[in-house]
Amino acid sequence: MKELFTRHVMLRAALFLVCVAVAVWLLPKKGANSYNYEMNKPWAYSLLTAPSDMPIYLDSVSAKAVRDSIDRAFRPVYVRDINIEKSAIAAYATRVNSTHDLGLTPQERNKLIAALRKFLENGIVDQDTYQLIRGGKLHEVRFIHDNTAISIPTDNYLSAREAYTALDSIFADEHFRKAIEKTAFSQFLVPTVVKDTLATARLYEDMLQKAMAPSVIQQGERIIDRGDIVTPELYSLLKTYERISGQKSANQVDRHHYPVLGQIFYVVLIFGALYMFLFLFRSRIFSNNRSLEFVMLLVTGFLILAFAMNDTIRCGLYMVPFTILPILLVVFFDGRTAFFVYMVEILLCSMVAAFPLEFIFVQWIAGVVAISSLKELNRRSQLVRSALFIFLAYCMAYAAVEILQAGTLDKISTRMFGAFGINGILISFAYFMVFLAEKMFGFTSAVTLVELNDVNNPTLRELSRECPGTFQHSMQVSNLASEAAHRIGANVQLVRTGALYHDIGKIDNPAFFTENQHGVNPHDALSPIQSARIVIGHVTGGLKRADKVKLPQVIKDFISQHHGHGKAKYFYNTYCNAHPGEEVDAEAFTYPGPNPQTKETSILMMADAVEAASRSLTEHTVESITALVNRIIDGQIADGLHDESPISFRDVNTIKQSFIERLRTMYHARIKYPELNSDGAKPTEPESKD
C-alpha cells in the first residue's frame with residue numbers, strides 16, 4: 001500500500017491531473033447545437049432547419065460586392081446656387097460699366113457680361129468634380145427638387161480654369177483680352193454647381209441599408225443538409241443560427257453537463273493510454289521524472305499553441321509545427337515513442353479542428369515522414385531536408401483529401417499551402433529546442449555527441465598528450481564498441497563517445513597504467529592494495545574531471561560503469577597468492593560501480609576488457625582471439641556484471657562475433673617488403689606473405 005503513495009508516484013499522478021485539467025480548460029465548451037465547419041467545405045452533419053424565423057445577413061464577401069456595386073453606380077447630390085450666380089453677374093456688370101478706359105462700345109461690354117452669364121448658367125464646378133467628369137467617372141449628377149431626384153448630364157460643366165481658357169476662342173481680339181484682364185474676369189467664374197455633402201451621405205446610407213437589409217428564413221425552413229457546400233451565404237446563416245441558439249441557451253437553465261463530462265472522459269482516456277504505453281514499453285522514460293515531465297510538457301505546450309493559433313488565425317491550426325514534437329522525441333528517445341506521443345497530441349488537437357478526420361490524416365502523414373526522414377539529428381542540413389519532406393507530405397495529403405471529398409481540384413485552397421509553408425519554416429526552431437531541452441532536462445542529443453567526438457576537444461587533446469597509450473586504447477575501444485553497437489541496434493554515436501572519455505581519469509596518474517609505461521613500472525614499489533587503490537581511482541578521478549568540464553550525464557555513466565563492481569583482478573590475485581589462507585577484504589580491490597545499466601555501457605565494458613587483454617596475446621590467430629573474447633565476456637557474465645543491463649544472450653553472441661572479426665582485422669599480419677641487394681643478388685624471401 002505504501003508503494004502507491006511514494007514521492008515518484010504522487011508526482012506522476014499530479015503531472016497527469018495537471019495536464020488533463022489544462023487540456024479540458026482549453027477545449028471549447030460545446031453545447032448540443034455546436035458544429036464544426038469551414039467555408040467552401042461540405043457540411044458533415046444531418047439536415048439543419050431554422051428553429052425560428054431567422055434573418056439572413058450578407059456575408060462579408062457579398063456585403064463587399066454590394067458596396068462596390070453601389071459605389072460604381074452611385075451619383076452624388078449637387079445643388080445649383082442661383083444667388084451666387086446672380087450676384088456674380090451683377091457685380092461684373094457694375095465693374096465693366098464703371099471702368100471707362102476699356103476701349104469697348106456698350107454692345108461689346110454686354111458681350112462680356114453675356115459670356116459670363118452663359119458660363120455660370122451652363123455650370124461651373126470645383127476642380128475635383130471636374131477631374132471626375134473629365135476622367136469619365138461622373139457622367140451625371142443628382143439634383144433633388146421637391147423630394148424628387150433628377151439626374152442632369154455633366155457634359156457642359158466646366159471648372160473655373162477651363163472656362164477662363166475657353167474665353168480665348170470667344171474673344172480673340174486684343175482689345176477684348178485687355179478688357180478681360182482689367183476687369184478681372186476670372187474672379188467672377190465661381191462654382192455655381194456645388195456638391196451637397198450631407199444629402200449625398202444620407203442618400204448613400206439609405207441605399208446601403210436597403211441593399212444590406214437581411215432577408216428572413218421562416219421557422220422550419222431548410223438551412224443546409226449533409227454534403228452541401230458551405231458557401232459564404234450559408235456560412236453567414238450558420239453563424240446566425242449559432243448566435244440565436246446560444247442566446248436561447250443563455251436564457252435557459254442548462255442542467256446537462258454531458259459535453260464537458262465527455263471532454264474530460266476523452267482527455268483522461270488519451271493521457272491514460274500514454275501513461276500505459278510508457279509504463280509497459282518505455283519504463284526508463286516513465287520511471288525518470290525529468291523524461292516524463294519533458295514528454296508531458298511537450299504535449300501540453302503544443303496543445304496550448306494549437307488552440308491559440310486556431311482561435312486567432314484562419315488555418316492557424318495547420319501552421320502549428322506539430323512535427324517538432326516527434327523530431328525532439330526521436331533525437332532524445334526513439335521513433336516508436338515519438339510516433340505514439342505524436343498521435344496522442346494529434347488526437348487531442350483534433351477536438352478543435354473543423355474537420356477532425358482530415359486533420360488527423362494530414363498530420364499522421366506528416367508525422368510518419370518526419371520520423372522516417374530524421375532517424376538521427378547530427379547536422380542542421382538534415383533538419384532542412386526533413387522540413388522540405390514534411391512540407392511536401394502536408395501538401396500531398398491535403399490535396400488527396402480535397403480531391404476525395406470534392407472530386408475536383410477547384411476546391412483546393414492556396415491559403416492552406418501557405419499555412420504548410422509557414423509550418424515548414426517553423427520546423428527549423430527544432431534545432432533551438434534541442435539545445436533548450438538539453439539545458440533544461442539534462443538530455444544529450446546526437447549533435448552534442450558529434451561535438452564531443454572531435455579529437456580537438458580540450459579533454460581529448462589533454463588525454464592524447466598526457467596519456468598517449470590510453471588515448472590509443474580508447475580509440476581502439478571506440479572502434480570495437482561502435483561496430484558491436486551497430487550490429488545489435490544500440491546507439492552507435494553514444495557508445496563511440498563514451499568509449500573516448502571512459503578513461504579520462506587516467507590523466508591524473510598516467511604512469512601507473514600499463515599502456516603508458518616505458519620500461520619502469522611504479523607498481524613494483526607499492527603493495528597490491530596501494531596499487532589497486534590508484535588503479536580503481538581512475539573511475540572517481542574521471543567523474544571529477546567530467547564534472548569539471550561539464551560532460552553530459554550519459555557520458556559520465558560510461559566512466560562509472562565501464563568496470564562496474566568488478567575487481568582489479570591482477571592486484572587481487574597477487575595479494576591472495578601472497579597471503580594464502582588469509583581472509584581477504586575484496587572491497588579494497590572492487591571498483592565503485594555501478595554495474596552497466598544499458599546496452600551501451602555493457603558493450604563498452606566488454607570492449608574495454610577485450611581490447612586491453614588482446615594486447616597480451618603472443619599470437620593473434622582466429623582460435624586465440626576467439627578463446628580470449630569468450631573467456632573475458634563469459635567471465636563478466638558469470639560475475640553478474642551485466643545482470644542489471646537489458647542486453648540479451650543473442651546480443652552477447654552478436655557482440656562476441658563482432659569483436660572477433662574486428663580483432664582479426666586489427667591484428668592481421670602485414671607483408672614484409674623485400675629489400676634490394678646492393679650486388680644485384682636475388683632478394684631474400686619475405687618473412688610473411690599473409
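Is Asp639 buried, partly exposed or exposed? Select it: Asp639 is partly exposed, with a relative accessible area of 46%. Keep in mind throughout that this is a predicted model.

**Stop 1: salt bridges**

Asp639 sits in the loop between α27 and α28 (649-666), and Lys569 in helix α25, so the pair ties together parts 70 residues apart in sequence. Lys569 is partly exposed too, at 47% relative accessible area.

Next, pick Glu462 and Arg545. Their side chains meet in a salt bridge, 3.2 Å from N to O. This pair links distant parts of the chain: Glu462 is in helix α20 (residues 458-466) and Arg545 in helix α23, 83 residues apart. Arg545 is buried at 18% relative accessible area, while Glu462 counts as partly exposed at 25%. Salt bridges with shared partners join Glu462, Asp508 and Arg545 into one network.

Move to Glu140 and Arg75. Here the closest N and O atoms of the salt bridge are 3.5 Å apart. Glu140 lies in strand β5 (residues 140-145), Arg75 in the loop between α2 (60-73) and β3 (78-80), so the bridge ties together parts 65 residues apart in sequence. Glu140 is partly exposed, at 32%. Arg75 counts as partly exposed as well, at 25%. The model's salt bridge count comes to 16.

**Stop 2: the nonpolar cores**

Select Phe271, Phe294, Phe322 and Leu329. These have the most contacts inside the largest nonpolar core, which has 76 residues. Helix α12 (residues 289-312) supplies the largest share of this core, 11 residues. Apart from it lies another core, of 42 residues, including Val495, Ala499, Ile504 and Ile633.

Go back to Phe271 and show its surroundings. Beyond its neighbours within four places in sequence, Phe271 is in contact with Phe16, Cys19, Val20, Ala23, Met296, Val299 and Leu348.

Ile625 is in helix α27 (residues 622-638) and is buried, at 1% relative accessibility. Outside four places in sequence, Ile625 is in contact with Leu617, His620, Ile660, Leu663 and Arg664.

**Stop 3: a covered helix and a cis bond**

Select helix α26 (residues 599-614). Then pick Gly593 and Pro594. A cis peptide bond joins them, with omega about 5°. Pro594 is in the loop between α25 (569-578) and α26.

**Stop 4: positive phi**

Pick Ala184, in the loop between α7 (174-182) and β8 (193-195). Its phi is positive, about 50°, although Ala184 is not a glycine. Ala184 counts as buried, at 17%. Jump to Lys550, in the loop between α23 (528-548) and α24 (553-561). Lys550 also has a positive phi, about 60°, but is exposed, at 73%.

**Stop 5: a nonpolar patch**

Finish with Leu297, Phe432, Phe435, Leu436 and Met440. Together they make a nonpolar surface patch of about 500 Å². Helix α18 (residues 430-441) gives the largest share, four residues. Phe432, in helix α18, is partly exposed at 49%.

How values were computed
Residues numbered from 1 in each chain as written. Predicted model: local features only at pLDDT ≥ 70, side-chain atom pairs only at ≥ 80, totals over all residues. Heavy atoms only, no water. Patch = residues over 30% accessible without salt bridge, like charges linked within 9 Å, V, L, I, M, F, W, Y side chains within 5 Å. Areas by Shrake-Rupley, 256 points an atom, 1.4 Å probe, with all protein chains shown as cover. Salt bridge = Lys/Arg side-chain N within 4 Å of Asp/Glu carboxyl O. Helix = DSSP H or I, 4+ residues; strand = E, 2+ residues; numbered from the N terminus. Buried < 20%, exposed > 50% of the residue type's maximum accessible area, 1.4 Å probe, protein only. Core = buried A, V, L, I, M, F, W, Y, C linked by side-chain atoms within 4.5 Å. Contact = heavy atoms within 4.5 Å.
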